[in-house]
Amino acid sequence: MATPGLKQMAQSRDLKLGHFIVEFATPGIGQILKAAGCDFTLFDTEHSGFGFETIKSVLRYMQAADLPTIVRVPSKEYHHIARAADMGAEGVMLPMVGSPEEARAILECLKYVPLGRRGVALGIAHDRYLPGPTLEKLAAANQRTTLFAQIETRQGVENADALAALPGIDCLWIGHFDLSCALGIPGQFDHRDFTAAVEAVTRACKKHDKALGRLVPTVDEAVRLHAEGFDFICYSGDVWALQQAVQAALDEIRVRSAPHAKGKDKSKRAKSKKKQRARRQS
């Protein structure tokens with residue numbers, strides 16, 4: 001059975017689980033995450049420093065693993081949006097989307113005519129280098145490209161309903177750290193202003209039947225947010241998952257080895273005392 005694409009995923013409120021890639025753009029990363037059970041992956045170019053050559057390579061790794069991939073681009077500039085799509089990004093995520101006007105400008109860069117003004121290049125990475133009729137190619141690309149708009153500002157929260165209502169936006173994605181900073185409460189995710197903002201975005205997505213996503217650091221938070229209406233849940237990122245797994249194992253080894261080490265020391269001391277007594281008696 002073929003893996004559903006991001007567009008198909010965004011049209012369902014079923015749970016979709018993914019992982020965030022900010023460091024390890026290795027050839028095996030797609031196969032590794034697919035084997036781990038990921039439904040999608042989120043590949044970051046806003047904070048990672050990855051460039052377009054890396055995007056193009058990683059998207060081939062993900063394509064080989066049949067793992068749908070969202071590319072977060074660093075800005076709302078045409079050359080970031082259109083080039084990511086040309087490289088084969090099925091999903092494109094934009095940071096700090098604040099208004100329907102901004103969203104329409106993003107869609108202009110992402111979509112081909114008649115929906116947008118993206119420059120046409122066919123038979124390249126995004127359509128798997130295949131030939132075909134131009135109109136069919138343009139329509140297929142417009143259908144396939146999936147837009148994830150990050151809500152990270154007061155303006156984005158205030159316009160959440162209008163953004164969710166906009167055709168072409170497939171998912172509102174809460175950028176929790178930036179949103180908390182924009183609200184003047186950095187990292188205070190239990191603060192009433194933050195929870196009220198999240199509730200407003202959640203209501204907008206439910207009202208307009210749009211997908212809702214977020215990056216989460218823990219299993220408990222993922223379960224809680226899914227119960228609240230989040231359906232795209234990106235669990236942790238490559239750096240933190242590796243670091244935490246290694247640290248947890250090393251800490252456990254040290255703890256469990258400590259009594260054993262103490263036992264060995266006691267045994268050595270007992271043997272030394274026995275030898276000393278033997279010498280005194282001889």
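Eight strands close into a barrel in this predicted model, in the order β1-β2-β3-β4-β5-β6-β7-β8, and the pairing is parallel. Helices and strands here are DSSP runs numbered from the N terminus (helices are H or I with at least four residues, strands are E with at least two), and two strands pair if DSSP finds at least two bridges between them. Axes are lines fitted to C-alpha atoms, for helices over the stretch in contact, and angles run from 0 to 180 degrees between N-to-C directions.

A word on the ground rules: residues are numbered from 1 along each chain as its sequence is written. Because the model is predicted, local features need pLDDT of at least 70 and side-chain atom pairs count only at pLDDT 80 or more, while totals for chains, interfaces and linings use all residues, and side-chain values use heavy atoms, with hydrogens and water left out.

Strand β2 is a handy place to start. Strand β1 (residues 16-21) runs parallel to β2 and is tied to it by four bridges, with Phe20 standing opposite Leu42 of β2. On to the next strand, β2 (residues 40-44) is joined to β3 (residues 69-72) by four bridges, again in parallel, and Phe43 has Val71 of β3 as its bridge partner. Five of the five residues of β2 are buried, so this strand is largely enclosed by the rest of the structure. Buried means under 20% relative accessible area, exposed means over 50%, and partly exposed is in between (1.4 Å probe, protein chains only). Both faces of β2 are covered, with Phe40, Leu42 and Asp44 buried on one side and Thr41 and Phe43 buried on the other.

Strand β5 tells its own story. Six of its six residues are buried, so to speak a mostly covered strand. Thr146, Phe148 and Gln150 are buried on one side of β5, and Leu147, Ala149 and Ile151 are buried on the other. Four bridges link β4 to β5 in parallel, and Leu94 stands opposite Ala149. Between β5 and β6 there are five bridges, also in the parallel sense, and Gln150 is partnered by Trp173 of β6.

Now for the helices. Helix α3 (residues 52-64) and helix α4 (residues 78-87) have axes that come within 9 Å and cross at roughly 35°. The crossing of α3 and α4 is right-handed; a crossing is left-handed if the near helix is turned anticlockwise from the far one by less than a right angle, and right-handed if clockwise. Phe52, Ile55, Lys56, Leu59 and Arg60 of α3 make the contact with His79, His80, Arg83, Ala84 and Met87 of α4, where contact means heavy atoms within 4.5 Å. These residues divide into five nonpolar, two polar and three charged.

Helix α5 (residues 100-110) has Pro100, Ala103, Ile106, Leu107, Cys109 and Leu110 as its buried residues. They pack against α4, β4 (91-94), β5, α8 (160-165) and β6.

Thr202 sits in α10 and is buried, with a relative accessible area of 9%. A polar atom of the Thr202 side chain lies 2.8 Å from the backbone oxygen of Val198. Leaving aside neighbours within four places in sequence, Thr202 is in contact with Leu212, Glu228 and Phe230. Lys206 is also placed in α10, but counts as exposed at 59% relative accessibility. Not counting residues up to four places away in sequence, Lys206 touches Glu228 and Gly229.

The peptide bond from Val113 to Pro114 is cis, with omega near 5°, and Pro114 lies in the loop between α5 and α6 (134-144). Asp209, in the loop between α10 and β7, has a positive phi near 55° without being a glycine, and is partly exposed at 47% relative accessible area. Ser236, in strand β8 (residues 232-237), has a positive phi of about 50° although it is not a glycine, and is buried at 5%.

Notes
Nonpolar A, V, L, I, M, F, W, Y, C, P; charged D, E, K, R; others polar. Polar contact = N/O pair within 3.5 Å; in protein donor to acceptor, adjacent residues only side chain to side chain.
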